[in-house]
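Hi everyone, thanks for coming.

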Amino acid sequence: MNPYRLYNMFRNPNEKNSGRIISLSEFLNLAKNSTSLSSVLISLEDAVYLREKQGSTKYETVYKIEKNIGDISDSAIEDIKKFANAVVLRKSSVFPVADSFVTGQTNVVERLQKSKLLVYVKLFHNEFVSQPYDFFCDATVEINTYITGAGLNGTITEFPLTAARYKRNQCLGRKQTPSYMSPLKPGGLLSIVNPKSLPPAEPPYLVFTADDVTESPQPPATEKSPSSSTNAQTHRPSGHTRLTLSLCLSVFASLLLL
């Protein structure tokens, strides 16, 4: 999978035939045994079945907002809190972008965190074409601006080594942060570029309301005995209750918690 094939950029061509297919349990152990990464985010369909029939009580429920939003209503936040512990936003819902220029910063992260919801943002890459011009084509500068500038609880990335390296950066622990580790000012680049290079004005992002919360409230998880869990796995449910597990590298990502 290569999201930037259009640019004729290939991820580590020298190792294109290296590696092997691993099982789900092996992949999960990558995070479990890591000292710098916290967990793995898995995209699931039919979480209701998982909670009712399998009793998976030890996992957090994360609500993913796929749209670019400029604000979120109180009613939407209250609806999300009924069934989720955290929210995943797109990067542009934190720092809106027009023609690869960051145009400002929303208050969505602040509003969600005030309501005791953790906020993660996706999806971070290493390819320089994935970052707006404001971040100088530097994946670390981008992560730093989102973490220290926007105050995220974590990032979702396809390059966990880059995120882990940022977390270990000793410059962040100093009493006085070096200027090169300061977050960039949102929209700062627009103030100095040639007016001819400015992107055209775009309509503002939508306000996310309770009507946009498409997920129904989740039932409480019920503990199941080993025998009943085994039976549920042996006899796969049919119809709308069938559990579908989606494993896609663009969604299946590591979380960096700071």
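Let me start with a question: is strand S5, residues 86-90, largely enclosed by the rest of the structure, or is it open? Keep in mind that what you see is a predicted model. Well, four of the five residues of S5 are buried, so the strand is largely enclosed by the rest of the structure.

Now, who are the neighbours of S5? One is strand S3, residues 62-64, which runs parallel to S5 and is joined to it by three bridges. If you want to find that pairing on the screen, look for Val62, whose bridge partner in S5 is Ala86. Another neighbour is strand S8, residues 118-124, also parallel to S5, with five bridges joining the two. Here you can pick out Ala86 again, standing opposite Leu118 in S8. Further along, Leu89 has Val121 as its bridge partner in S8.

Okay, let's move over to S8. How many of its seven residues are buried? The count is six, so S8 is mostly covered, too. S8 also pairs with S9: the two run parallel, and three bridges join them. One spot to look at is Tyr120, whose bridge partner in S9 is Gly154.

A bit of background before the next part. In soluble globular proteins, nonpolar side chains tend to be buried together.

So what does the largest nonpolar core look like here? That core has 34 residues, and the ones with the most contacts inside it are Ile65, Ile72, Ile80, Leu89, Leu112 and Phe208. Several elements give two or more residues to this core, among them strand S4 (69-72), helix H3 (74-81), S5 and S8. The largest share, four residues, comes from H5. There's also a second, separate core of six residues, including Leu41, Val88, Tyr120 and Leu123.

Let's zoom in on Ile72 for a moment. Which residues is Ile72 in contact with, leaving aside its neighbours within four places in sequence? The list is Ile65, Ile77, Ile80, Val108, Arg111, Leu112, Val207 and Phe208.

Number one is Arg11 with Glu158, where the closest N and O atoms are 2.8 Å apart. This pair links distant parts of the chain, 147 residues apart: Arg11 is in the segment before helix H1, and Glu158 is in the loop between strand S9 and H6. Arg11 is partly exposed, at 28% relative accessible area, whereas Glu158 is buried, at 15%.

Next comes Asp212 with Lys67, with the closest N and O atoms 3.3 Å apart. Again, distant parts of the chain are linked: Asp212 is in the loop between strand S10 and helix H7, Lys67 is in the loop between S3 and S4, and they are 145 residues apart. Asp212 is partly exposed, with a relative accessible area of 22%, and Lys67 is partly exposed, with 41%.

And finally, Lys82 forms a salt bridge with Asp79, the closest N and O atoms being 3.5 Å apart. Lys82 counts as exposed, at 57% relative accessibility, while Asp79 is partly exposed, at 24%. One more thing about salt bridges: some share partners, and that joins Arg11, Glu127 and Glu158 into one network.

Terms used. Residues numbered from 1 in each chain as written. Predicted model: local features only at pLDDT ≥ 70, side-chain atom pairs only at ≥ 80, totals over all residues. Heavy atoms only, no water. Buried < 20%, exposed > 50% of the residue type's maximum accessible area, 1.4 Å probe, protein only. Pairing = 2+ DSSP bridges. Core = buried A, V, L, I, M, F, W, Y, C linked by side-chain atoms within 4.5 Å. Contact = heavy atoms within 4.5 Å. Salt bridge = Lys/Arg side-chain N within 4 Å of Asp/Glu carboxyl O.
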